Amino acid sequence: MTQNLLPLFIIIPLAAAFLNSLIGKRIKGFPDVVSAVATFALAFISVYSVFLLKESGTLVYKVGGWAPPIGISMVMDGLTVFMLVTLNLIAFLISMYSVNYMEKYTDKWIFYSLFLLVIGGMNGVVISGDMFNMYVFLEIAAIASYALVAFGTEQEELEAAFKYAVMGTVASSFILLGIVFLYSFTSTLNMADMAMQLTGKGASGIVRLAGVFFLMGFGLKSALVPFHAWLPDAHPSAPAPISAMLSGILIKSLGVYAIIRIFFSVLGASAGILNMLMILGGLSMIMGVCLALGQWDFKRLLAYHSISQIGYVVLGIGLGTPLGILGGLFHLFNHSLFKSLLFLNSGAVEYATGTRDLRKMGGLKGKMPVTANTSLVASMSIAGIPPFNGFWSKLIIIVACIQSYHFIYAALAVIGSILTLSSFMKVQRYGFFGESKGKANVKEVPFFMKLSMILLALVCLSAGLLLLPLFYDYFLKPASDAVLAGRGYLVDVLGAI
Amino acid sequence: MDDPKKGMTLIVKTITRLTVGLILLFGIYIVSHGHVSPGGGFAGGVIISLSFIHIMLAFGEEAAFKKVNQGIASLFESFGAILFITIAAIGMGSGYFFLNFLRKGEPFKLFSSGLIPLYNIAISFKVASGLFMIVILLMLLKIPKKGEKQ
């Protein structure tokens, strides 16, 4: 039975997390092995599910054998598979990187337990077909990530974690409130069934109110501009692998994915919502990059760029045209690649030199060739230089803007891209080129850190190939089709039961 | 346990000594009857952990740690979680994740409703030890202020 793959996305990370906390403390090296094996298995299954989806179409899993409107369901459609591949691929590479990087912290097993809990939560959010179940997994991922931000337990980290926890909890409350209103209106929590009830009942003020709550809640989770204040504190404070995971995949699965799933598949994307998404996206795009320009802290600069790049993703999706949605989703995938790579680079630099201040680095190109070259690849990707992956997705978004006569947004996207380029010129100039200013005896980082950075850089280089017809039909097309179908989601899901 | 300098007054200690066993038993009752009456793994787990917290408040931390220390609590917490997910995953053997494959028995009897009592027990392990650990942390952990040495 092929459906039995679906619950594995939740069972594997949760079981590995608790196994880690049970015996990871007692056996040295056990946490490394368990989490590497678990994340590799997840990455393998998610890549396999791409082919499975192509073969058998949308899959629905009935948890406990109860049919959907009554029981909880798990749904795997094009968008879910797309997100699962993104999540688990990055998670595997990050877990490999942590083997060496986390040596400097005590209690590695706590780190790995929380890390696997976050992965389990994110997979759960993505694969769940039930509104309240999605909220529960969202809380699992969010609460574990609050603890991870505070992992270093320094003054500054605890402060950032507290801020993140307070704002994240406010966001979760709004999401819960939105779910409560929708539940009271439709008397169901299953997303497909809810979409059907809403289609039957037509427009209503309460649905619009729930929509506003969702926009606030998930907007805060994905750090769109008026709700972004927690991100520049929280993301740099965490250990580098966690920063990579928070910026690379957490804000996308808890924020952007949930926005797409709820606004497109359940509530049905109206012109007002799309407009709102475009405004928020455009605003984040420009604000994020402007705030990043003045930063000298490497990780803080990257955190501000996350806000800006999420703006591109949301702008593309907010356009609502096939090309715009394709561009938005492709940029989501690309951003998770190059932003995790950049955070891993910053971690490698911190590991070797002990500083995050760009003014104190300099001349690392000769001493740390792997880190310097992979960071060059990532910088070129995020700035949108032609052969790299970021160029293609930004190009698609800009063309989609022009195609639907949104010239101002197209201009903003171009300006944002130029400012991003200038900001990363600064990183390269001060960090890796120029003459050395810091410690003299800087060495290249250990093997597993190098390996995961090289693998990410290779994927960054080759991800543009996903637009070729050969791969496009397998990966990007099912995802953008699933978004474009809107409330067709319910036909999909009810047909697959 | 009877160090007069630690913990609260003699009255509190005497009352605690009389009631703490009852509280523990009541917690176990709530857990085991979770599927036939109000309550369940979470509520029962909270009551079980309260009995240990009660000892800690009345007699001081050392007395409570003699019964359950952090290591054991942590072990039970992980064990509860892994027990829960294992029971859920065993259901996959007969078809579905979380499938209740045992005989359901007669309604309103103690031994009925298949796997649900087992889930309740797993949850009570997790909740009881988790809550106990939280209280320990709140009592023991002090974060130094800026400039102050730990």
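**Before I start**

A crossing of two helices is left-handed if the near helix is turned anticlockwise from the far one by less than a right angle, and right-handed if it is turned clockwise. I am working with a predicted model, where local features need pLDDT of at least 70 and side-chain atom pairs count only at pLDDT 80 or more, while totals for chains, interfaces and linings use all residues. Residues are numbered from 1 along each chain as its sequence is written, chains are lettered from A and ligands numbered from 1 in the order in which they are written, and side-chain values use heavy atoms, leaving out hydrogens and water.

**Entry 1: two helices of chain A, α2 and α4**

I looked up helix α2 (residues 30-56) and helix α4 (residues 108-127) of chain A, which pack at an angle of about 15° with their axes 10 Å apart. Helices here are DSSP runs of H or I with at least four residues, numbered from the N terminus. The axes are lines fitted to C-alpha atoms over the stretch in contact, and angles run from 0 to 180 degrees between N-to-C directions. I therefore noted α2(A) as roughly parallel to α4(A) (under 35 degrees counts as roughly parallel, over 145 as roughly antiparallel, 65 to 115 as roughly perpendicular, and the rest as oblique). α2(A) passes α4(A) in a left-handed crossing.

Which residues make the contact? On α2(A) I found A:Pro31, A:Asp32, A:Ser35, A:Ala38, A:Thr39 and A:Leu42. On α4(A), the residues include A:Trp109, A:Tyr112 and A:Phe115. Contact means heavy atoms within 4.5 Å. By class, I noted eight nonpolar, three polar and two charged residues in the contact of α2(A) with α4(A) (Ala, Val, Leu, Ile, Met, Phe, Trp, Tyr, Cys and Pro count as nonpolar, Asp, Glu, Lys and Arg as charged, and the others, Gly among them, as polar).

**Entry 2: α15 and α17 of chain A**

Next I checked α15 (residues 369-383) and α17 (residues 407-432) of chain A, whose axes come within 8 Å and cross at roughly 165°. α15(A) and α17(A) are therefore roughly antiparallel to each other. α15(A) passes α17(A) in a left-handed crossing. Among the residues in contact are A:Leu376 and A:Ile382 of α15(A), with A:Leu421 and A:Phe424 of α17(A). This contact has seven nonpolar, six polar and no charged residues.

**Entry 3: the cores**

I then turned to the largest nonpolar core, which has 184 residues. Such a core is a set of buried Ala, Val, Leu, Ile, Met, Phe, Trp, Tyr and Cys residues joined through side-chain atoms within 4.5 Å. Helix α10 (residues 240-266) of chain A gives the largest share, 18 residues. A second, separate core of 13 residues includes B:Val20 and B:Phe59.

**Entry 4: positive phi in chain B**

B:Phe98 has phi near 70°, a positive value in a residue other than glycine. B:Phe98 lies in the loop between α4 (70-90) and α5 (116-140) of chain B. B:Ser113, also not a glycine, has a positive phi of about 55° and is found in the loop between α4 and α5 of chain B.

Is each one buried or exposed? B:Phe98 counts as partly exposed at 31% relative accessibility, and B:Ser113 counts as buried at 18%. Buried means under 20% relative accessible area, exposed over 50%, and partly exposed in between, with a 1.4 Å probe and protein chains only.
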